[in-house]
Amino acid sequence: MVKLYDTGAYLVGGKTLVPENEAAAGGIKTTKEEALKETMAYQILEKHNTSGDMSGLKIKFDKMTSHDITFVGIIQTARASGLKEFPIPYVLTNCHNSLCAVGGTINEDDHMFGLSCAKKYGGVYVPPHQAVIHQYAREELAECGAMILGSDSHTRYGALGTMAIGEGGGELAKQLLGKTYDVKRPGVVAIYLDGEPAKGVGPQDVALALIGATFGNGYVKNKVMEFVGPGVAKLSSDYRIGIDVMTTETTCLSSIWQTDEETRRWYDVHYRPDAYKELKPGDVAYYDGVVYVDLSKIRPMIAMPFHPSNVYTIEELNQNLMDILHDVEEKGKKQLTGNVDFCLTDKVRNGKLYVDQGIIAGCAGGGYENICDATDILRGHFIGSDEFTLSVYPASTPIFMQLAKNGMVADLLQTGAIVKTAFCGPCFGAGDTPANNAFSIRHSTRNFPNREGSKIQNGQIASVALMDARSIAATAVNQGYLTPATDLDVEFTGPTYFFDRSIYDNRVYNGWGRPEPETEIKFGPNIKDWPEMIALTDNLLLKVASVITDPVTTTDELIPSGETSSYRSNPIGLAEFTLSRKDPEYVGRAKAVQAVERKREELGCICKADESLKPVMETIKASFPETTGKNTGFGSTIYAVKPGDGSAREQAASCQKVLGGWANIAKEYATKRYRSNLINWGMLPFVIGEDYAFENGDYIFVPDILKAIREKWTEIKAYVVNKEMHELTLTLGDLTDDERDIIAKGCLINYYRA
């Protein structure tokens, strides 16, 4: 089904794979260095690189996009740094906080902020319910050979020939200020598709098989996934898009697909024929690895709670139901915190798994073909009158319009399903929250704890499994009993799609290239400026405010998604939610440290700020006599084994900084995105190779940290301070000169102000 190569490989003529160790026997005459330049990824990166050095990239993107829980913070950062107008097309969609029902006026206030900024700086504003961020980008922004940067982790348009990257807000602010996206040239892994999917197998099934094979071993981490092979031609554009958007869950950096006449047809249908050009690897292209996928052997898949990589075939799950459910329960209980009783085995009725809710939605599930195929499966059936419910969210109003015109909406409504407007809420916990102890199956992107909207800290627990729209529909046919789509004999009608562009022409504000500097920005009472942040001091004294020992810590656990989204325009208000689901005592601990630091700044003496620190400082001064309260900053830090999996949201880092955080200490960082967010907020992304030797409340002294940053030390000696000093060795990994300066100055805003 899915096979990972142990070595790199050459792709010859776009069809034949030759493992690296068989290159000579396979007649490969070019060098590896020359062959790696023949990948599509290399060619696109080279076109957008401004450094003159392909080993260290400085990328300028063609376009950018953000949604309504990220664009306020990004624009506020850029405004504080001197923004005058948007230098490239910047699209502001409103698909996350679309439901203006939480916190009074604050969600719509953010929308009005966005519209006024689009007018002032020359941007594009997409009103609520018109389109989810990524569908609008596919329909209106993507073009072959281009690069797009988005402030959402699922910024993936590779299936349309566009290399797209999802990052935290700091990286978008840099582009708005004319700066670059700096990264080492990533490795490129070929995703070689062969064969053709079986009837009833959808793109989510292929995606989940890929994630299951690559996430845990880091095979494609921070690399570009390049989709090639004869199987690509067997897939429609919608099908490719459905696979592509889920590549984020492998922790790759980006993706790109070879393009063909099917891609040309997509652009023709969307009235943008000039956006198409053929992309394909050169005659002999070298890849750092290969994932071989036999599409014909993919079966309907399910990702069980609480991660997209926790995959099984639906047939395997149904055949080993109690064993697998028990195993998922045990793993889940280790991952969950709080007083909740997580149970799935009680969902088994008469030997079958009963599901409480089905959702087909968003950038992954809300595509035209997904909904049409699901409707074909459901037509003439009824979802029943028990607990099971089914909601369908087309990804854009043009898709909704076509589904209405061809009768699919009527067919869905007749089954008992509900059809709703374009909205990302079910994907991040702000819509269709199921009942306590309910089990939801969703064609969406993630199934982390609380992504469905429950609150563990309040004793609530629900869980999500990821599935393809077709098998969700098959389950609905059986009124909630888990069923793979391949069990049903359905004739898929495949109705033609007609894109109605007038919907956007009549409703979307397009001010690109026409800024109106005199426009006053509209600020709601919840929209606040970033607080002042101090520069890095010569030395640091860190107090450990949280220790997280889970194998992976998601950004949802660092800063919750659903119920906090309305507060992301208010940095101080949002910070109150930091680690609330994982370590509810963290905020109090961090604030106590921050209060001492503020007094230290005022008094110039850390011991006058807090008498309890006298013995700590005495121990430090015995070994480092020049340490004083004036040259030593005091802040909090957290330890996590592997933090940062999941969303690109910068608030996972900025909230810690707002609370006085100065560093993270980790075995490794799950994604480049999270590490970059730390850096852009002036936080030190420490890596520790040894087992941690500290607990909550311990002090860690880092001498000469500013010198270490400026002089590019490869190792940094730190000390756990008790009655004695216990040495630790920390590293920071590769940092660009700009990143070092950002950390030294305290954050990106300070860096640009300087």
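Begin with the charges: select Lys and Arg as positive and Asp and Glu as negative, leaving out His and the chain ends. Place each charge at NZ of Lys, CZ of Arg, CG of Asp or CD of Glu. The mean positions of the 78 positive and 97 negative charges of the protein chain then lie 4 Å apart.

The model is predicted: local features need pLDDT of at least 70 and side-chain atom pairs pLDDT 80 or more, while totals for chains, interfaces and linings use all residues. Residues are numbered from 1 along each chain as its sequence is written, and side-chain values use heavy atoms, without hydrogens and water.

Colour by secondary structure (DSSP runs numbered from the N terminus: helices H or I of at least four residues, strands E of at least two); the protein chain has 28 helices and 34 strands. Its radius of gyration is 26 Å, close to the 27 Å from the globule rule for 754 residues, so the chain is as compact as a globular protein of that length. That radius is taken over C-alpha atoms, and the rule is 2.2 Å times the number of residues to the power 0.38.

Then select residues 368-378, helix H13. Ten of its eleven residues are buried, so the helix is largely enclosed by the rest of the structure; buried means under 20% relative accessible area (1.4 Å probe, protein chains only). Among the buried residues are Tyr368, Cys372, Asp373 and Asp376.

How values were computed
Buried means under 20% relative accessible area, exposed over 50%, partly exposed in between (1.4 Å probe, protein chains only).
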